[in-house]
Amino acid sequence: MKNINKIFDNNKEWIKSRLAVDNKYFEKLASGQDPDILYIGCSDSRATAEEIMGLGPGEVFVHRNIANMASNLDLTAMGVINYAVEHLKVEHIIVCGHYGCGGVKAAMQSQDLGILNPYLRNIRDVYRMHKNELNAISDEDKRYRRLIELNVEEQCINVLKTSDVQIAFKRRGITVHGWVFDLATGELIDLKIDFAKILEDIMEIYHLD
């Protein structure tokens, strides 16, 4: 965008369009939020959360970062999960990656990326854990796409490891979903990961009474 001031003109038009449909729209918006969904996605400018799901303001609590990470050492991500689960009482947590993710692509390359190195190491750990499967894929693009999917799965597992989610799972059956957004088609793809089975498998180590 060459003229950033155009954003304010866009904002005025957006306000008019909302009030034309519902003259109490902003009054309702200001009254509070009650989302059912926590969405953990990528910061990529092409993968906006509410738009790709067809939802609006107040319907989704959103956390976005490079490559949709849910690292247990990331206090921001852990704080978002805690607030969403304990205070907003969301019923669903979605970790959504996207094909063409620059963060995952960077993690696949052997180069020094400075301050990003410790962050991308988490994705490289995903590769390490699944290297037999990934190295067996000869096509680089297909291997890249598969790592994106596996990274979503591992970040969902990180979400399941948290005490907030484990407690909410026992008390009200909160569910975790792993999705991928295909930029080339606009399609949201459910990876259909069996999280009940994964949770059962990791409970021996990560279970919290």
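Start at I93. Leaving aside neighbours within four places in sequence, I93 is in contact with L38, I40, V85, V159, V165, I174, T175, V176 and H177. Contact here means heavy atoms within 4.5 Å.

A word on the source. This is a predicted model: local features need pLDDT of at least 70, side-chain atom pairs count only at pLDDT 80 or more, and totals for chains, interfaces and linings use all residues. Residues are numbered from 1 along each chain as its sequence is written, and side-chain values use heavy atoms, with hydrogens and water left out.

Now the core. The largest nonpolar core has 47 residues, and I93 is among those with the most contacts inside it, along with L38, V159 and V165. A nonpolar core is a set of buried Ala, Val, Leu, Ile, Met, Phe, Trp, Tyr and Cys residues joined through side-chain atoms within 4.5 Å. Buried means under 20% relative accessible area, exposed over 50%, partly exposed in between, with a 1.4 Å probe and protein chains only. Helix α8 gives the largest share of this core, nine residues. There is also a second, separate core of 11 residues, including I37, Y39, C96 and F181.

Next, helix packing. Helices are DSSP runs of H or I, at least four residues, and strands are runs of E, at least two, numbered from the N terminus. Axes are lines fitted to C-alpha atoms, for helices over the stretch in contact, and angles run from 0 to 180 degrees between N-to-C directions.

Take α8, residues 140–161, against α9. Their axes come within 5 Å and cross at roughly 75°. The two helices are therefore roughly perpendicular. Angles of 65 to 115 degrees get that label; under 35 is roughly parallel, over 145 roughly antiparallel, and the rest oblique. V159, L160 and K161 of α8 meet S163, V165 and Q166 of α9.

How do α4 and α9 pack? Helix α4, residues 75–87, and α9, residues 163–172, sit at an angle of about 20°, axes 10 Å apart. So α4 is roughly parallel to α9. On the α4 side we have I81, N82, V85 and E86; on the α9 side, D164, V165, A168 and R172.

Last stop, S43. Look in the loop between β1 (37–42) and α3 (49–53). Is S43 buried or partly exposed? At 40% relative accessibility, S43 counts as partly exposed. Beyond four places in sequence, S43 touches R64, N65 and I66.
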